[in-house]
Amino acid sequence: MPDDAGAVHGAPCWVSLMTHDLDAAMRFYQSALGWTYRPGFRDQEQGYQLALADGRPVAGLGMTAQTRTFAPAWTAYFQAQGVNEVAGRIQERGGTVAVGPLPFGTGRVLWAADRQDARFGVWEGDPVPGWRMRHRAGAPARLQLVTGDAFGAAMFYGGVFAWDTREPERVSVRFESDHVVLCVDGHHVADLWGGAVEEAPDPTVRPQWHVYFCVDDVDDVAARTEAAGGSVVQAPELSHFGRVAGLRDPEGSLFHVTSEHT
């Protein structure tokens, strides 16, 4: 993606893992994805780590108290030029603002859920200068929302972030036969698919945003995931986006890998 794509209102701008055991998570993702680390934003976020691929920030890792009901999980964040305005739009459209807006790192953030309880973050500011979704090993390649109603979800997020209206020359939404594609500057950055069941006992089929990381060898990463104590929930297979696999880290956080390099 172009280097300025992450600054677009409503575009994906960051991914972050909250875990109960930060040291163990860092060791796992170093083994599985080859990440290295450096300390995160500021003193008030002590313990927050930036994951690096080839020396460039690709994701954040932070720790949540084990006593909280918040389960370890990956969160996708979207850019906002006015987080208070976006908070109001979320609530107006039937979503939930769970935490925030509040200062964090280099800006202000909130954590929310859409009408089907798929969770996401909103970030006002530039989380990490130089971060962009890129198709290179170790970096996030794209996001995928699996939900009960892809077209209804597109209307929700389109209204919240003014997709197709605020910066139509840069952001576009394409409705296809069974899913929705979000593009920024002509690059596919996210898609929305149906099929999730909100009350499903299996959390892998509930509405949620999935993060796909680009890797050189999907099968090798799946094997390294298991060797490092994680698990394979979707065996490596061919897809429209190259070879893909669904994986879990030792605490159960779901993530995906893809061989897509376009």
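**Contacts along the chain.** I began with contacts (heavy atoms within 4.5 Å). Among those in the chain between residues at least 6 apart in sequence, I found that 62% join residues at least 24 apart.

**Ground rules.** I noted that this is a predicted model, in which local features need pLDDT of at least 70, side-chain atom pairs count only at pLDDT 80 or more, and totals for chains, interfaces and linings use all residues. Residues are numbered from 1 along each chain as its sequence is written, and side-chain values use heavy atoms, with hydrogens and water left out.

**Confidence.** I looked up pLDDT, the predictor's confidence in each residue, from 0 to 100. The chain averages 88, and 90% of the residues score at least 70. Over residues 1-6 pLDDT stays under 50, and the model has 21 contacts for them beyond four places in sequence. I kept a reminder here: where pLDDT is low, the predicted coordinates should not be read in detail.

**Helices and strands.** I took these as DSSP runs numbered from the N terminus, with helices being H or I of at least four residues and strands E of at least two. The chain has four helices and 16 strands.

I checked the accessible area next (Shrake-Rupley method with a 1.4 Å probe; for residues, only the protein chains shown count as cover). The chain comes to about 11100 Å², and 49% of that belongs to carbon and sulfur atoms. I call a residue buried under 20% relative accessible area, exposed over 50%, and partly exposed in between (1.4 Å probe, protein chains only). Of the 262 residues in the chain, 53% are buried.

**Helix H3.** How many of the 12 residues of H3 are buried? I found 10, so the helix is mostly covered. Among the buried ones are Ala150, Gly152, Tyr157 and Phe161. From its first C-alpha to its last, H3 reaches 16 Å, close to the 16 Å expected at 1.5 Å a residue; the expected span is 1.5 Å times one less than the number of residues.

**Phe151 and its patch.** Phe151 is found in H3 (residues 150-161). Phe151 counts as partly exposed because its relative accessibility is 32%. With Met155 and Phe175, Phe151 forms a nonpolar patch on the surface, and together they have about 310 Å² of accessible area.

**Ala73.** I then moved to strand E5 (residues 73-80), where Ala73 has its place. Ala73 has a relative accessible area of 27%, so it is partly exposed. Which residues does Ala73 touch, not counting those up to four places away in sequence? I listed Ser16, Leu17, Met18 and Ser253. I also noted 8.8 Å between the C-alpha atoms of Ala73 and Phe255, which are 182 residues apart along the chain.

**Backbone details.** I found a cis peptide bond joining Gly100 and Pro101, with omega about 5°. Pro101 lies in strand E6 (residues 96-104).

Asp164 is not a glycine, yet its phi is positive, near 75°. I located Asp164 in the loop between H3 and E10, and its relative accessible area of 35% makes it partly exposed.

Asp185, also not a glycine, has a positive phi of about 55°. I placed Asp185 in the loop between strand E11 (179-184) and strand E12 (187-193). At 26% relative accessibility, Asp185 is partly exposed.

Notes. Patch = residues over 30% accessible without salt bridge, like charges linked within 9 Å, V, L, I, M, F, W, Y side chains within 5 Å. Salt bridge = Lys/Arg side-chain N within 4 Å of Asp/Glu carboxyl O.
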